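This report describes selected elements of one structural model and how they are arranged. Please view the sequence and the structure first; the account then follows.

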Amino acid sequence: MNTENLISFDNVTVSFWQNNMGVHSIKDLVSHRKNPFTNKTILKNISFDVKRGECMGILGRNGSGKSTLLRTIAGLIKPQEGTMTINGTFAPILAIGAGLELELSGYENMNLLLSLYGKSRKDTNAIQSIVEFSELSDEVLRMPTKRYSSGMLARLAFSISVANDSDILIIDEILAVGDQGFQVKCMEKIYQVKAEGKTILFVSHFPDDVVKICDTAILLENGVISHRGDAKIICEQYKSLF
Ligand SMILES: Nc1ncnc2c1ncn2[C@@H]1O[C@H](COP(=O)(O)OP(=O)(O)OP(=O)(O)O)[C@@H](O)[C@H]1O
């Protein structure tokens, strides 16, 4: 494996202001004596490196901070503390539907995202490969994506993510909603992407899938990396949480 770090996190901390008192209007706000917003730290002193060609799994209970970590890597969230360096390109599609414009059709989303990757809107090969991989019909691809089922959104999102030549493939729970045929096809594609030497970040609640794909993994517990290392060992740590 290459020794060049594509992703480096050094003591990254992310926190959000949360309204925990059900305050939704100015009237609500003035009737409260206390500030209803509290600052909650979601990721605490996160440090890790991902090397070029490494496939890293991200495991953790619901709410442990996995998606927040991916959103931070994608530049959608600015950390309050620490430094992060990303030395590669990736598709700006994260969780199911996130990164897609839901008012736009499947075809319009393809064009938009392909132009973001610097590909021409007339790149018919890229469009053809997305259409073929997604197996979505012409009728579906003409519909606004807000009318898609979660499985259809996953098909479109994954197909767009793998249609470009970016260095990092980010997969957040996408496999969980696809039907069995699509899951098998996605796994085969992920193996292919891995064999090409691409870097993969794989969020999943299924440790068996993480072991199949990933070399290394991190386990997040309450926003802290509690374990990091060989994927098999970390998956066992994850299973022991339940
Ligand atoms: N924009 C936000 N504003 C306030 N709090 C947020 C925001 N986004 C996430 N959180 C909080 O951050 C915590 C971690 O959420 P996150 O979505 O990262 O967890 P996760 O590990 O991906 O969970 P899951 O397995 O359920 O998908 C949760 O407590 C959530 O309420």
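Strand β7 (residues 216–221) and strand β8 (residues 224–230) run antiparallel and are joined by six bridges; two strands are taken to pair if DSSP finds at least two bridges between them, and strands (E, at least two residues) and helices (H or I, at least four) are DSSP runs numbered from the N terminus. Glu221 stands opposite Val224 in β8. The hairpin of β7 and β8 has two residues between the strands, and Asn222 takes a positive phi near 50° there.

## Basis of the description

Residues are numbered from 1 along each chain as its sequence is written. The model is predicted, and local features need pLDDT of at least 70, side-chain atom pairs count only at pLDDT 80 or more, while totals for chains, interfaces and linings use all residues.

## The three-stranded sheet

An open sheet is formed by three strands in the order β2-β1-β4, with antiparallel pairing. Its edge strands, each pairing on one side only, are β2 (37–51) and β4 (81–86). On average, and with direction ignored, neighbouring strands of this sheet are turned by 25° against each other.

Five bridges link strand β1 (residues 5–19) with β4 in the antiparallel sense, and Ser8 stands opposite Thr85 in β4. Helix α2 (residues 66–73) lies across β1, β2 and β4 and runs at about 70° to β2, where axes are lines fitted to C-alpha atoms, for helices over the stretch in contact, and angles run from 0 to 180 degrees between N-to-C directions. For such contacts, the C-beta atoms of two residues, placed from the backbone, lie within 7 Å.

## The ligand shell

The ligand is surrounded by Phe16, Gln18, Ile42, Gly60, Asn62, Gly63, Ser64, Gly65, Lys66, Ser67 and Thr68, a residue being near if its C-beta atom, placed from the backbone, lies within 6 Å. β1 and α2 each supply at least two residues of this shell, and α2 gives the most, with three.

The shell divides into two nonpolar, eight polar and one charged residue; Ala, Val, Leu, Ile, Met, Phe, Trp, Tyr, Cys and Pro count as nonpolar, Asp, Glu, Lys and Arg as charged, and the others, Gly among them, as polar.

## Packing of α4 and α6

Helix α4 (residues 124–134) packs with helix α6 (residues 150–162) at an angle of about 140°, their axes being 9 Å apart. α4 is therefore oblique to α6, since angles under 35 degrees count as roughly parallel, over 145 as roughly antiparallel, 65 to 115 as roughly perpendicular and the rest as oblique.

In this contact, Ile130, Phe133 and Ser134 in α4 meet Arg155, Leu156, Ser159, Ile160 and Val162 in α6. The residues involved divide into five nonpolar, two polar and one charged.
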